[in-house]
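Here are some notes for a first look at this structure. Please keep the model open while you read.

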Amino acid sequence: MDDRLIEARELYHAAVFGGADDGLDVADRALDGLEADTTLARGRIRHARHLAARAAGEQPGEDPTEIALFERALELYESLGDTRGAAEAQFLVGCYHQVVRGDMDTTEPMFARARDLAAEAGDDLTRSYALRHLAFTAQHAGRADEARAALAESTDLRRSLGFTAGVAANLVAEAYLAAETGAGDPSALLDQAATLAATSGAHAVAGWVSEARLAIG
Amino acid sequence: MSQPTYGISIGRDNHGAVAAGDHARAVRNTVAPAAAGVESIVAELAKIRAAIEHDDGVTDRHKAVRDVDALADEVRQEDPDTDAIRAAFVRLIGRVRPVAALATAVYQVWALAENVVGGA
């Protein structure tokens, strides 16, 4: 059982049987933290299902439950002052709008906030995700230099974390950007991505590499 | 710990704003942004302005106030310059970043603005 549930149960007993009701606020906070983690995790699972359906060639619709879960988690983390959790939840709120809703125009503030919160929390992994998706918004808006810089920063963070599959994914994005702008060598980037995807067992990313080769030519 | 809100609240998140976004976008190509949405943005910017004026933690406070005023002016335009709006929000975020609650408020208004007047 999660420590926070145990703590809440002990505080309940202390209040009911021992008259120590000053611990109930602590119990609430413990349960809020637990709820935030569970809610975020459940949202992630729904998001993964959405992506799996798309990968299988389906066209899944929007999922109001998924966004409600991410927003609830964000609300809880913020109320707890949990910056790391808030960064992750804020990123996923943005991800829902950009990836599930296909909204490329209005997500910059969401990812920018996720980036800043992650930086504040020292969470380089979430920062790398936020930067990657900020790059997509910048690319879509025609700000290629900004997109390139954000992707490069994301990739540097991922390399320093040893997140090889994430580096490979970013190289695929860099290849598309290179092909679009004529700056850089898309083929070389995809070769690197393929190697990293293979060595890290990132089969999905390897598939993206193949798709990119077909799309870019 | 919960942070002070400065009385700024445009809703808990971006969800409502995004829910209104499709309509706002449909309007964008025809006439000026929905007046109600613009008024919400202006009202929240006014609260942010007041908070900035009283918070020593904001970098270059007077410039931050100018950014807020410029934003309020721009979103009221019939054909808002979305590039200018984005640039002003990015600058403003940089100035209020030391005050977490204010940064949160600015991000929320920025998200609302992107939905009402369109992303840059």
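1. Start with helix α4 of chain A, residues 83-100. At 1.5 Å a residue, its 18 residues should span 26 Å, and the end C-alpha atoms lie 25 Å apart, so the two values agree. The expected span is 1.5 Å times one less than the number of residues. Helices are DSSP runs of H or I with at least four residues, strands are runs of E with at least two, and both are numbered from the N terminus.

2. A word on the basis. This is a predicted model: local features need pLDDT of at least 70, side-chain atom pairs count only at pLDDT 80 or more, and totals for chains, interfaces and linings use all residues. Residues are numbered from 1 along each chain as its sequence is written, while chains are lettered from A and ligands numbered from 1 in the order in which they are written.

3. Is α4(A) enclosed or open? Of its 18 residues, 14 are buried, so α4(A) is largely enclosed by the rest of the structure. Buried means 20 or more other C-beta atoms within 10 Å of the residue's own; exposed means 12 or fewer; partly exposed lies in between; C-beta atoms are placed from the backbone. Just after α4(A), G102(A) has a positive phi of about 70 degrees.

4. Next, helix α8 of chain A, residues 164-181. Its 18 residues should span 26 Å at 1.5 Å each; the end C-alpha atoms are 25 Å apart, which agrees. Its buried residues include G166(A), N170(A), V172(A) and E174(A). The buried residues of α8(A) pack against α6, α7, α9 and α10 of chain A. G182(A) follows α8(A), with a positive phi near 80 degrees.

5. Look closely at V172(A). Beyond its neighbours within four places in sequence, V172(A) contacts L190(A), A193(A), V205(A), W208(A), V209(A) and A212(A). Contact means C-beta atoms, placed from the backbone, within 7 Å.

6. Which residues touch the most other members of the largest nonpolar core? They are V172(A), A193(A) and V106(B), in a core of 85 residues. Helix α6 of chain B, residues 100-116, gives the largest share of this core, 11 residues. Such a core is a set of buried Ala, Val, Leu, Ile, Met, Phe, Trp, Tyr and Cys residues joined through C-beta atoms within 7 Å.

7. Chain B has six helices and zero strands. Of its 120 residues, 42% are buried. Among its contacts with a separation of 6 or more, 71% join residues 24 or more positions apart.

8. Check D60(B), in the loop between α3 and α4 of chain B. Its phi is positive, near 50 degrees, in a residue other than glycine. D60(B) counts as exposed because it has 12 C-beta neighbours inside 10 Å.

Key
Two residues are in contact if their C-beta atoms, placed from the backbone, lie within 7 Å.
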